[in-house]
Amino acid sequence: LIAVESNYVPGFSSFPCLDTINKLKRSGRRGSLSTSMSNWSKQMVSTSDRKLPQISSQIQNIEREILEKEGRSEIELSMKDDIITEESIEDIETGSYKTETGTRLTEGTVGGGRTDSVGSITTLSELRKRKKSKDRRLIDKDGTLRIVHHGLKERSSRFLDDIFTTCVDLRWRYIFIGFTSSFLFSWLGFAAVWHLMFWLHGDLEEEHLPDLQEKNGWTPCVYTIHDFSSTFLYSVETQHTIGYGLRGSSHKCPDTIILQCLQSITGVLIQACMAGIVFAKLARPKKRAKTVTFSKMAVISQINGKLRLIFRVANIRNSQLLESHFKAFILGNVVTSEGRTIRHFQTELPLSTQIIEDEDEDEQDYGPIFLPLMVGHTIDSSSPLYEVSPSQLLYSKLEVLVMLEGIVEPSGNTVQARTSYLPREILWGHSFVNCVTYANREGVYLIDHGKVDSVMADETPRMSAKKLESLNSDRKENLSDN
């Protein structure tokens, strides 16, 4: 109990429990939270150092529960303006929302209507079917964007302006429906025009049918036309230049020549458009991102005296991604010097695939993924995580967005793989386990993808990079004085 209330636990640089205990004391709350904190405090005194990490983890969970009940975050800045909080997708569709100002809730409505999304962005129907998750994130672990567009006027006309991309973004079942219906409607439409032309010319009269044409000396527009069925077959043969030899046009009807040319041109255009859409759909490298795996957890570890945020990337296929570049952003709130809060701002995190020892050395955000690659961000004075401590990171509401862009080796198309890390998915004081071994008998490198996500605890200090840098500078001054 003394160790906890003095904000110090042996084996750790700092342990943020004092604020939590003081909150309980000031509020005078009694119940499961205060009882649990007291029990764990007593257990910590009577437990050996071997169990301290387990106990500290459970106390952090208690702290997290207290902060969640209070609706506070130690790293996310408070908003001065009203915050619109939609309860569900239905609230967005109906236009109802709640604005939260302090502890008071006021009702309101907003304009707009239901909108679906296309491509890799999740649609409303998919969101309803998806298992409800309390995680508030922009990018799922599999790279799916959790976005629904709302309140956009003339949305349909905007998509029609870019009709080719809209068609390529459609699902395969709609592609096949459009492919089939485009040919069927063109066949039927031209067959109706052909049949009308035959009727106007008199080819469908009983004495002008094919069986009596030679006897009556009648020359039709198209030979061997008995009824609409034969007209439909002639329409299909004309559009696709099949030519079975039974039906053919004559020189008696100039309109027939014009219509035949129009249908041939229309058939070529339909085939070209549909073939282009299907080919573009097949050639999209979207599924290539499924064979690029990110580690489920990111770690913060001390390397060469500096704290670094690190995640690992692996390529499942033998074919490589050329010119692989990595980018990372922190999604959170930013407060300007004027006191204005910008919500959901994306702050870039410089990444490097190399271990930088000199501050003047340029960061290299690209590298081959022959073997699982560790990509890191150095937490220095220019980093937005410079003053963030382990407890502040754990209770924050930020999200680290990670993206990989590369060129698919077989096709030459550009692909993007992405994922994100929430604060609870960033392990402070851990490092990745080696997952590559060399097989001497076969003479190949063996990648154990089961260990790509494996981490182990290290001796990284549990303090912010700013505090660590201050301690290191003080230590150097003391050594120089001595």
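**Notebook: a loop residue, a sheet and a core**

I looked up Thr241 and found it exposed, with a relative accessible area of 66%. Exposed means over 50% relative accessible area, buried under 20%, and partly exposed in between, with a 1.4 Å probe and protein chains only. I note that this is a predicted model, where local features need pLDDT of at least 70 and side-chain atom pairs count only at pLDDT 80 or more, while totals for chains, interfaces and linings use all residues. Residues are numbered from 1 along each chain as its sequence is written, and side-chain values use heavy atoms, with hydrogens and water left out.

**Entry 1. Positive phi**

Thr241 has a positive phi of about 50°, though it is not a glycine. I placed Thr241 in the loop between α11 (228-240) and α12 (254-283). Helices (H or I, at least four residues) and strands (E, at least two) are DSSP runs, numbered from the N terminus. Glu323 is not a glycine either, and its phi is positive at about 55°. I found Glu323 in strand β7 (residues 321-335), where it counts as exposed at 56% relative accessibility. I wrote these down because most residues other than glycine have a negative phi.

**Entry 2. The whole chain**

I noted 14 helices and 16 strands in the protein chain. Of its 482 residues, 36% count as buried. Among contacts (heavy atoms within 4.5 Å) with a separation of 6 or more, 65% are between residues 24 or more positions apart.

**Entry 3. The sheet with β10**

In which order do the strands of the open sheet of four lie? I read the order as β8-β7-β10-β11, with antiparallel pairing. Two strands pair if DSSP finds at least two bridges between them. β8 (341-349) and β11 (414-421) are the edge strands with a single partner each, so one side of each has no neighbour in the sheet.

I then followed β10 (residues 399-408) to its partners. Nine bridges join β10 to β7, and the two run antiparallel. Across this pairing, Phe329 has Leu401 of β10 as its bridge partner, and Ala328 stands opposite Val402 of β10. β10 and β11 are also antiparallel, paired over eight bridges, with Met403 opposite Arg418 in β11. These two strands form a hairpin with five residues between them, and Gly412 in the turn has a positive phi of about 80°. Eight of the ten residues of β10 are buried, so the strand is largely enclosed by the rest of the structure.

**Entry 4. Another hairpin**

I found four bridges between strand β14 (residues 436-439) and strand β15 (residues 444-447), which run antiparallel. Val436 stands opposite Ile447 in β15. The hairpin of β14 and β15 has four residues between its strands, and Gly443 in the turn has a positive phi of about 70°.

**Entry 5. The cores and Phe311**

A nonpolar core is a set of buried Ala, Val, Leu, Ile, Met, Phe, Trp, Tyr and Cys residues joined through side-chain atoms within 4.5 Å. Which residues touch the most other members of the largest nonpolar core? Of its 36 residues, they are Phe311, Val313, Val400 and Leu404. A second, separate core of ten residues includes Met197, Cys221, Val222 and Tyr234.

Phe311 counts as buried at 4% relative accessibility. Leaving out residues up to four places away in sequence, its contacts include Phe294, Leu351, Val402, Tyr421 and Phe432.

**Entry 6. Rings**

I counted nine aromatic pairs in the structure. Rings of Phe, Tyr and Trp (its six-membered ring) pair if their centres lie within 6.5 Å; planes under 30 degrees apart count as stacked, over 60 as edge-to-face and the rest as tilted. The pair of Phe294 and Phe311 is tilted, because the planes stand at 45°, with the ring centres 6.3 Å apart. Phe294 is in strand β4 (residues 292-294) and Phe311 in strand β6 (residues 306-315), 17 residues apart. Phe294 is buried, with a relative accessible area of 12%. Elsewhere I noted one aromatic cluster formed by Phe179, Phe183, Trp187 and Phe232.

**Entry 7. Leu307**

Leu307 also lies in strand β6, and it is buried at a relative accessible area of 2%. Leu307 and Thr460 are 153 residues apart in sequence, yet 8.1 Å apart in space, C-alpha to C-alpha. Beyond its neighbours within four places in sequence, Leu307 is in contact with residues including Ile300, His377, Trp428, Thr460 and Leu468.
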